[in-house]
Amino acid sequence: LVRLLPQEDVVYFGDTARLPYGAKSRETIIRYSIENTTFLIQKNIKMMVVACNTASAHALEDLQQKFSIPMVGVIGPGAECAVRTTRNGRIGVLGTKGTINSQSYQRAILQLDSKAEVFSVACPLFVPLVEEGCIDHPAARLIAREYLQPLKERGIDTLLWGCTHYPLLEMLIRSQMGGGVEIVDSAISCA
């Protein structure tokens, strides 16, 4: 966003005290998101991006109803980019348990292309690996292989990252998926 909108002031709030959101209940995510939005509105923001995929999946509609400023989430833009990118209609989605269980990406993709096949995988250990700086650890490779093998077997040609932590695992994910799979980053699509 900073690169794309250099004339804008950006206020960033990363809720590191309460992460990961992906394992929390929908009610908790909504409560945290309302608290976070209230804080940001006190900073006189004119628009808000709900960049956390889990918060976008569970709280965006509630936030849009409660607050009057424009808000966008990452689910719709990520789904749109994945549908535009796929060549064979087989799209993999990686996310936290909360994002995957919400089925938000699957619904958004199928609204855009009812013939698409969506294969979603919850990756609960990816965020802790990133947070602990273990992205090049042998355990990370084993975990990635376990999560990604079902997507490889399904013949996906597009892989949508449904978590802001996953770009930090790009080298690991690409090494496990091999060539021929396009990566879609919902954050870049949203920006």
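**Exercise 1. Describe how α7 crosses α8 and how the two helices pack.**

*Solution.* In this predicted model, helix α7 passes α8 in a right-handed crossing, a crossing being right-handed if the near helix is turned clockwise from the far one by less than a right angle, and left-handed if anticlockwise. Helices are DSSP runs (H or I, at least four residues), numbered from the N terminus. Next, α7 (residues 138–153) and α8 (residues 170–177) pack at an angle of about 50 degrees, with their axes 9 Å apart. Therefore α7 is oblique to α8; angles under 35 degrees count as roughly parallel, over 145 as roughly antiparallel, 65 to 115 as roughly perpendicular and the rest as oblique.

**Exercise 2. State which residues of α7 meet α8.**

*Solution.* From α7, Ala140, Arg141, Ala144, Arg145, Leu148, Leu151 and Lys152 meet Leu172, Ile173, Gln176 and Met177 of α8, with contact meaning heavy atoms within 4.5 Å. By class, this contact has 7 nonpolar, 1 polar and 3 charged residues.

**Exercise 3. Identify the lining of the largest cavity.**

*Solution.* The lining consists of Val93, Thr99, Ile100, Gln103, Ser104, Tyr105, Gln106 and Ser120 (a cavity is a set of points on a 1 Å grid where a 1.4 Å probe fits but cannot get out; lining residues have an atom within 4 Å of a point). Two or more residues each come from α4 (97–102) and α5 (104–112), and α5 gives the largest share, 3 residues. The lining divides into 3 nonpolar, 5 polar and no charged residues.

**Conventions.** Residues are numbered from 1 along each chain as its sequence is written. Local features need pLDDT of at least 70, side-chain atom pairs count only at pLDDT 80 or more, and totals for chains, interfaces and linings use all residues, while side-chain values use heavy atoms, without hydrogens and water.

Note on methods:
Axes fitted to C-alpha atoms, helices over the stretch in contact; angles between N-to-C directions. Nonpolar A, V, L, I, M, F, W, Y, C, P; charged D, E, K, R; others polar. 1 Å grid on protein atoms, 1.4 Å probe; cavity = no way out; pocket = protein on both sides within 12 Å on 5 of 7 lines; lining within 4 Å.
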